[in-house]
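Visitor: I would like to learn how to read a protein structure, one feature at a time. Where do we start?

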Amino acid sequence: MRAIILAAGVGRRMAPFTDSLPKCLLPVGGRSLLERMLTSLDLVGAEEALLVVGHCQDQIRARIGPRFGRLPMRYVENPDYPKGSIRSLWSCRHDLTGDFLVMDADVLFPSEILRRLITTPAPSAFLLDANFADTGEEMKLFVRGDRVVAIGKTVRPGVYDRVGEGVGFFKCAAAHSRLLRECVEEIVAQGDEGNEYEDALDRLLRLAKVGYVDISGFPWTEIDFLQDLRRAETDVLPRIERVAA
């Protein structure tokens, strides 16, 4: 399975640290988030990683190169990265074929949750953590039965069995890849200034059955703010290392 890693953004909420450094290259425990992610992908047997780059992309290309361990690397430039992350999927729309993963590049996680996503029987699926505090920043998954029916930061009216935080990883089956590509194209055609790639995933949920893997209890964190980086170093990483031991 291929992995499409979205690493083009500026990370403005972590300025000035990210003014001249891609957020995915921030170090946690002496290794960057991106290198840790690629190590996990190599460990679970990914066939290729495609990095969508933009902000400070030369640093990413220089650090990672054409191969990471056994994992071949490809790079796609998103020249419109300030316009929202939907532009990153648009930039690699021709690669939205077959089975693939879409992954945010700013997540610290144990390899086991990635393995569970890849091996779940659901052809397309998200990772869901039910143990979260709603601050308004989290990308939430709304579930009915065994199906994710909506994704977004705002709790919407509707009948849901449960709500959980999305980890930022999505497994897309080959049967749904064309639908996802069409959703991306529709959003861009309608005027996509400020849209996020999750808007395309939300559209897909109306067209295809997408499942989820509950990873509640596993240590992980998305790095959006400086306090996230501090917590990753002092709390999350030590627990990840215990899981891997």
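This is a predicted model: local features need pLDDT of at least 70, side-chain atom pairs count only at pLDDT 80 or more; totals for chains, interfaces and linings use all residues.

Guide: Start with helix α5: its buried residues pack against α3 (86-91), β7 (100-104), β12 (162-172) and α6 (197-205).

Visitor: Which residues of α5 are buried?

Guide: First the general idea. An α-helix has 3.6 residues a turn, so residues three or four places apart point the same way. In α5, the buried residues are His176, Ser177, Leu179, Leu180, Cys183, Val184, Ile187 and Val188.

Visitor: What span should helix α5 have, and how far apart are its end C-alpha atoms?

Guide: Helix α5 covers residues 174-189, which is 16 residues. At 1.5 Å a residue, the helix should span 22 Å.

Visitor: What should I look for in the backbone angles?

Guide: Most residues other than glycine have a negative phi, and most peptide bonds are trans. Look for departures from that. Cys56 is not a glycine, yet its phi is positive, about 50 degrees. Cys56 sits in the loop between β4 (48-53) and α2 (57-64).

Visitor: Which two residues does a cis peptide bond join?

Guide: Ala15 and Pro16 are joined by a cis peptide bond, with omega about 10 degrees. Pro16 belongs to the loop between β1 and β2 (27-28).

Visitor: How many disulfides are there?

Guide: The test is distance: two cysteine sulfur atoms must lie within 2.5 Å. By this rule there are 0 disulfides.

Visitor: Now the pockets. What is the volume of the largest pocket, and which residues lie nearest its centre?

Guide: To read a pocket, take its volume, then its lining. The largest pocket has a volume of about 910 Å³. Its lining has 39 residues, and Arg13, Lys23, Ser85, Asp106 and Glu196 lie nearest the centre.

Visitor: Which elements supply the lining of the largest pocket?

Guide: At least two residues each come from β1 (2-7), β9 (125-129), β12 and α6. The largest share, 5 residues, is from β12. By class, the lining of the largest pocket holds 18 nonpolar, 9 polar and 12 charged residues.

Visitor: What about the second largest pocket?

Guide: The second largest pocket holds about 450 Å³ of space. Of the 20 residues that line this pocket, Glu138, Glu165, Thr221, Asp228 and Arg231 are the closest to its centre. β14 (221-222) and α7 (226-244) each supply at least two residues of the lining, and α7 gives the most, with 4 residues.

Visitor: How do the residues of that lining divide by class?

Guide: The lining of the second largest pocket divides into 6 nonpolar, 5 polar and 9 charged residues.

Note on methods: Residues are numbered from 1 along each chain as its sequence is written. Side-chain values use heavy atoms; hydrogens and water are left out. The expected span of a helix is 1.5 Å times one less than its number of residues. Buried means under 20% relative accessible area, exposed over 50%, partly exposed in between (1.4 Å probe, protein chains only). Contact means heavy atoms within 4.5 Å. On a 1 Å grid over the protein atoms alone, a cavity is a set of points where a 1.4 Å probe fits but cannot get out, and a pocket is an open set with protein on both sides within 12 Å along at least five of seven lines; lining residues have an atom within 4 Å of a point. Grid points are joined across faces, edges and corners, and a volume is the space filled by probe spheres set on the points. Ala, Val, Leu, Ile, Met, Phe, Trp, Tyr, Cys and Pro count as nonpolar, Asp, Glu, Lys and Arg as charged, and the others, Gly among them, as polar.
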